[in-house]
Amino acid sequence: MTAPLLSLRDLRTEYRTDRGVVQAVRGVELTLHRGEILGLVGESGSGKSVTCMSLLKLLKRGGHITSGTADFDGVDLLSLSDRALTRVRGDRIGVIFQDPMSALNPTMTVGRQIVEVLMQHRRIGKNAARARAVELFKLVRIPSPETRIDNYPHEFSGGMRQRVMIAIALACEPDILIADEPTTALDVTIQRQILALLKELRDRLGMAIILVTHDLGVIAETADRVMVLYGGQVMEEAPVADLFAAPQHPYTRGLLAAIPDPRLAGRPLSPVRGSPPDMRSPPPGCPFAPRCPRAMRICATPPPMYDGTESARLRPTQRSRCWLADTNAPAPTPEPAE
Amino acid sequence: MTRPLLELHDLEMHFPTRHGVLKALDGVSLTIQRGETLGLVGESGCGKSTLARALIRLYRPTGGRVVLDGTDITTLGDKALKPHRRRVQMIFQDPVAALNGRMTVGELIAEPLEVMGIGTAKSRRARVAALLDQVGLGAEAADRYPHAFSGGQRQRVGIARAIALEPDLVVCDEPISALDVSIQAQIVNMLSELKRDTGLAYLFITHDLSMLRHIADRIGVMYLGKLVEIAPSEALHTAPRHPYTQLLWSAIPVPDPEARRDDAFETGEVPSPLDLPSGCRFRTRCPRATALCAEVEPDLTLHDDGHAVACHHPLPAGSTSHTQEERENA
């Protein structure tokens with residue numbers, strides 16, 4: 001196996017707020033390989049977005065990283081100076097957000113915004129940068145690119161604006177593209193276009209993508225490997241097919257069971273009971289324990305991250321942070337009949 | 001057939017803008033029966049939220065009629081409308097965000113009762129306690145403030161407030177979109193129970209098509225201010241007849257990696273509602289469009305039992321959609 005492109009260890013990020021300290025990320029580990037699409041899935045407050053924004057030190061006011069290392073091609077991103085990190089951002093790591101309008105400058109044509117990125121990171125003249133901008137617009141399939149690059153952000157639809165954002169993020173051919181809920185604000189037909197585009201660009205350019213989403217459908221359509229986050233921690237990690245075919249963590253199972261199944265239309269859904277934890281005072285053990293139908297007494301202590309070598313229940317490529325993955329855990333209850 | 005609870009006849013809501021007339025709703029007719037859940041889907045700008053606001057008379061429609069249980073309420077003034085307001089209530093994406101944050105949950109839920117002059121302070125308190133129980137919050141929630149609640153709990157407060165006046169119809173505008181997946185199912189189950197227990201009807205507006213299939217009896221599909229197809233929920237999913245419905249269905253991400261589709265999906269975008277295509281509004285994105293579609297706007301026509309479609313070249317009845325096929329095979 002080749003060395004990972006990015007290796008994040010023991011990331012902890014906090015937010016100071018008027019109402020106390022929010023422990024947003026509590027020891028997240030993440031490995032990303034070249035050319036892979038890693039899905040980060042979780043609900044609001046799970047820590048999925050903060051994990052990504054910590055990597056780029058793009059934290060909102062009050063946020064700070066209290067521990068962790070992020071080895072990116074031999075360099076620790078988390079210990080870089082702001083200036084050095086700025087060089088990495090936009091050059092080797094691109095990022096797109098849920099709302100492209102907030103990331104684009106409304107007073108500047110989109111073409112100029114791409115040209116600026118290129119001239120900042122590359123020794124390149126204005127004309128060459130403009131030609132490259134047109135090329136990028138073609139790459140993300142914006143119709144009539146030669147005229148569209150002279151438009152302002154508000155002159156684009158939501159879907160086209162997200163394509164502009166992708167074009168800017170790809171301007172310097174980054175090794176990693178971080179996509180934080182890139183289709184959440186878009187209509188479903190536009191979402192499918194953008195997801196197809198991301199997969200195609202990965203195939204053509206070979207970059208790795210970290211895809212943050214709350215939508216398991218988007219994960220199933222797009223990701224190669226998935227990490228499920230809850231309460232600021234990774235609950236389960238597996239190749240996408242394994243995660244859906246044989247979810248191990250009770251939280252993953254609960255999430256999958258809550259999706260309406262067309263074969264059971266009209267019957268009550270199976271929600272996860274209770275509410276997510278208050279991250280100012282998360283539960284001492286497993287964050288999911290208070291809502292978990294299979295919680296045991298030991299779940300008041302933090303479970304380790306089991307992998308396939310430590311647990312007879314897990315596949316070699318699967319990991320689960322649950323006491324049920326321990327070889328001494330009680331046998332799983334039989335699955336309810338389909 | 002008994003009289004429908006709600007009838008919309010050729011409902012029209014045109015807004016004048018600097019750039020011309022925005023035809024947010026351009027002649028929509030539909031009915032909702034007592035105890036029925038009618039789902040409404042469509043992409044942004046299709047007019048589904050405008051329809052909701054026009055039918056609860058937050059707007060005064062610029063054309064057509066809204067008939068509630070036999071009474072035409074299209075042009076009634078505030079005073080004449082008051083007795084009818086009780087019968088139709090609304091749930092929003094974040095109900096509490098629109099409400100006074102200085103009021104306790106109990107006060108918020110009692111407010112509609114007070115406005116309508118129903119009961120005494122004491123009987124209203126008892127009613128609030130019963131409503132809180134009904135939505136699974138417990139009577140003790142009455143003295144707390146909404147900001148202390150999670151998103152799912154706040155939606156329960158919104159629902160308690162909406163059902164306080166025992167309405168016949170509740171209009172739900174994206175009621176679960178802002179909620180986490182694990183909480184959405186809680187709210188949807190609760191809405192189903194309320195319907196079963198009280199016999200109320202819902203107009204359920206959402207972009208979550210798989211959830212809609214789960215809860216709706218019938219589903220209407222809107223595109224650029226028009227209703228393009230309406231049918232029983234199951235028929236609309238397994239055998240859509242309008243090419244737009246088929247496009248929508250095929251775009252839903254399927255939560256099953258085995259059914260993954262890796263094809264490019266270039267189907268264009270919705271045209272500007274200020275510059276509508278001639279003829280059929282969907283023709284610019286439609287694979288079946290012909291010269292006829294550019295000239296003549298198709299009417300919504302009832303094709304077979306309960307399945308109506310506005311298309312010159314509808315898909316054959318009983319054809320199976322792509323997504324459905326994949327799901328069954330999975």
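This is a predicted model: local features need pLDDT of at least 70, side-chain atom pairs count only at pLDDT 80 or more; totals for chains, interfaces and linings use all residues.
Two residues are taken to be in contact if their C-beta atoms, placed from the backbone, lie within 7 Å. Among contacts in chain A between residues at least 6 apart in sequence, 62% bring together residues at least 24 apart. The secondary structure of chain A comprises 11 helices and 12 strands.

The overall dimensions of chain A come next. Its C-alpha trace extends over about 65 × 50 × 45 Å along the principal axes. A compact globule of 338 residues would have a radius of gyration near 20 Å, so the 21 Å of chain A agrees with that expectation. As for burial, 46% of the 338 residues of chain A count as buried.

Turning to chain B, the domain assignment gives domain 1 as residues 6–87 + 167–329 and domain 2 as residues 93–166. The C-alpha centres of these two domains of chain B are 30 Å apart. Where they touch, domain 1 of chain B contributes 14 residues to the contact and domain 2 of chain B contributes 13 residues.

Strand S7 (169–173) and helix H6 (181–198) of chain B each provide at least two residues of the side that touches domain 2 of chain B. Helix H6 of chain B gives the most to that side, with five residues. By class, the domain 1 side of the contact in chain B has nine nonpolar residues, together with two polar and three charged residues.

Methods:
Residues are numbered from 1 along each chain as its sequence is written. Chains are lettered from A and ligands numbered from 1 in the order in which they are written. Helices (H or I, at least four residues) and strands (E, at least two) are DSSP runs, numbered from the N terminus. The radius of gyration is taken over C-alpha atoms; the globule rule is 2.2 Å times the number of residues to the power 0.38. A residue is buried if 20 or more other C-beta atoms lie within 10 Å of its own, exposed if 12 or fewer, and partly exposed in between; C-beta atoms are placed from the backbone. Domain bounds come from an automatic or database domain assignment. Ala, Val, Leu, Ile, Met, Phe, Trp, Tyr, Cys and Pro count as nonpolar, Asp, Glu, Lys and Arg as charged, and the others, Gly among them, as polar.
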